[in-house]
Amino acid sequence: MADTIITNSPERGSDSGAGWAVALVIIIALVVGGVILYKKGAFRSAAPSNDTNINVTIPTGSTDSPDSGADQSAY
């Protein structure tokens, strides 16, 4: 009877260089894509831009003096 040898796994080291090359190309593509998106402003928040003018009116304090019998530490 003849012996049959079946090998299902690839030899070690034959495709490792190609795998590293593909992984390196993918990582470089992700970094370049992130830089391009950053420069286009994709990661900026919805904060107002520099040309936005926000006017705030703050009420001024009273010019009248407090009552003479009141506690003036609250004023």
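Modeller: The answers below concern a predicted model.
Colleague: How many helices and strands are there in the chain?
Modeller: The chain has one helix and zero strands. The helix, H1, covers residues 16-40.
Colleague: Why does the span of H1 agree with its 25 residues?
Modeller: At 1.5 Å a residue H1 should span 36 Å, and its end C-alpha atoms are 36 Å apart, so the two agree.
Colleague: What follows H1?
Modeller: Glycine 41 does, with a positive phi near 90°.
Colleague: Turning to the surface, which residues form a nonpolar patch?
Modeller: Leu24, Ile28, Val32 and Ile36 form it, with about 360 Å² of accessible area together. In an α-helix there are 3.6 residues a turn, so residues three or four places apart point the same way.
Colleague: Why does isoleucine 36 count as partly exposed?
Modeller: Its relative accessibility is 44%, which lies between the 20% and 50% cut-offs, so isoleucine 36 is partly exposed.
Colleague: And what share of the chain is buried?
Modeller: Buried residues make up 0% of the 75 residues. The chain exposes about 7,800 Å², of which carbon and sulfur atoms supply 58%.

Key. Residues are numbered from 1 along each chain as its sequence is written. This is a predicted model: local features need pLDDT of at least 70, side-chain atom pairs count only at pLDDT 80 or more; totals for chains, interfaces and linings use all residues. Side-chain values use heavy atoms; hydrogens and water are left out. Patches are made of residues with over 30% relative accessible area and no salt bridge: like charges are joined within 9 Å, nonpolar side chains (Val, Leu, Ile, Met, Phe, Trp, Tyr) within 5 Å. Accessible areas come from the Shrake-Rupley method with a 1.4 Å probe; for residues, only the protein chains shown count as cover. A salt bridge is a side-chain nitrogen of Lys or Arg within 4 Å of a carboxyl oxygen of Asp or Glu. Helices (H or I, at least four residues) and strands (E, at least two) are DSSP runs, numbered from the N terminus. Buried means under 20% relative accessible area, exposed over 50%, partly exposed in between (1.4 Å probe, protein chains only). The expected span of a helix is 1.5 Å times one less than its number of residues.
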